[in-house]
Amino acid sequence: KRQASGKIDEALSYAERAVRIDPRRADLWTGLARLELVNEDPDTAIRYAQKALSLAGTRADWQRDAWLVIADAKDALGESAEAADIRARWTTVRG
């Protein structure tokens, strides 16, 4: 468990650095959000995915990816109905 935790911490560190270098890239924020899910922090994952949405512009693929991370985080928080609604809307969207 501790080794896995170390790998997540390292991945988070790299992702956070990437976001600092290029903070306007929605896909980097979504990647950071996914790592926070793996790190069992769904609230932070949602916050980062929402940041990604604010930067995604008209990129449907980036919007979809961020929304699907939010759906996974909602599941982790026990909000399964809301997660299902998000997936129903966004799993068919093509980028």
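These legends go with a set of close-up views of one predicted model.

Residue numbers start from 1 along each chain as its sequence is written, and the side-chain values use heavy atoms, with hydrogens and water left out. Since the model is predicted, local features need pLDDT of at least 70 and side-chain atom pairs count only at pLDDT 80 or more, while totals for chains, interfaces and linings use all residues.

View 1. Starting at the N terminus, the elements run α-α-α-α-α. (Helices are DSSP runs of H or I with at least four residues, strands are E runs with at least two, and both are numbered from the N terminus.) A compact globule of 95 residues would have a radius of gyration near 12 Å, and the protein comes in at 13 Å, which agrees. (That radius is taken over C-alpha atoms, and the globule rule is 2.2 Å times the number of residues to the power 0.38.) Along the principal axes, the C-alpha atoms fill a box of roughly 35 × 30 × 20 Å. Of the 95 residues, 36% count as buried. (Buried means under 20% relative accessible area, exposed means over 50%, and partly exposed is in between, with a 1.4 Å probe and protein chains only.) Look at contacts with a separation of 6 or more, and 46% of them come from residues 24 or more positions apart. (Contact means heavy atoms within 4.5 Å.)

**View 2. Helices α2 and α3 pack against each other.** Their axes come within 8 Å and cross at roughly 170 degrees. (Axes are lines fitted to C-alpha atoms, for helices over the stretch in contact, and angles run from 0 to 180 degrees between N-to-C directions.) The two helices are therefore roughly antiparallel to each other. (Angles under 35 degrees count as roughly parallel, over 145 as roughly antiparallel, 65 to 115 as roughly perpendicular, and the rest as oblique.) On the α2 side, the contact is made by Ala26, Trp29, Thr30, Leu32, Ala33, Glu36 and Leu37; α3 brings Pro42, Thr44, Ala45, Tyr48, Ala49, Lys51, Ala52 and Leu55. Sorted by class, that gives 11 nonpolar, 2 polar and 2 charged residues. (Ala, Val, Leu, Ile, Met, Phe, Trp, Tyr, Cys and Pro count as nonpolar, Asp, Glu, Lys and Arg as charged, and the others, Gly among them, as polar.)

**View 3. Helix α2 also meets α4.** Here the axes come within 10 Å and cross at roughly 15 degrees, which makes α2 roughly parallel to α4. The crossing is left-handed. (Left-handed means that the near helix is turned anticlockwise from the far one by less than a right angle; clockwise would be right-handed.) From α2, the contact uses Ala26, Asp27, Thr30, Ala33, Arg34 and Leu37, and from α4 it uses Trp62, Asp65, Ala66, Val69, Asp72 and Ala73. The class count for α2 with α4 is 7 nonpolar, 1 polar and 4 charged residues.

**View 4. Helices α4 (residues 60-76) and α5 (residues 80-90) sit side by side, their axes 8 Å apart.** They pack at an angle of about 160 degrees, so α4 and α5 are roughly antiparallel. α4 passes α5 in a left-handed crossing. Helix α4 puts in Ala60, Gln63, Arg64, Trp67, Leu68, Ile70, Ala71, Asp72, Lys74 and Asp75, and α5 answers with Ser80, Glu82, Ala83, Ile86, Arg87 and Trp90. This contact has 8 nonpolar, 2 polar and 6 charged residues.

**View 5. Leucine 37 is in helix α2.** Leaving aside neighbours within four places in sequence, leucine 37 is in contact with Pro42, Ala45, Val69, Asp72 and Ala73. Its C-alpha atom is separated by 9.5 Å from that of isoleucine 70, 33 residues apart along the chain.

**View 6. Leucine 12 lies in helix α1.** At 7% relative accessibility, leucine 12 counts as buried. Not counting residues up to four places away in sequence, leucine 12 touches Leu32, Leu35, Glu36 and Asn39.

**View 7. Glutamate 40 is found in the loop between α2 and α3.** Its phi is near 60 degrees, a positive value in a residue other than glycine. Most residues other than glycine have a negative phi. With 64% relative accessibility, glutamate 40 counts as exposed.

**View 8. Arginine 25 has its place in the loop between α1 and α2.** Arginine 25 counts as partly exposed, at 33% relative accessibility. The C-alpha atoms of arginine 25 and alanine 84 are separated by 27 Å.
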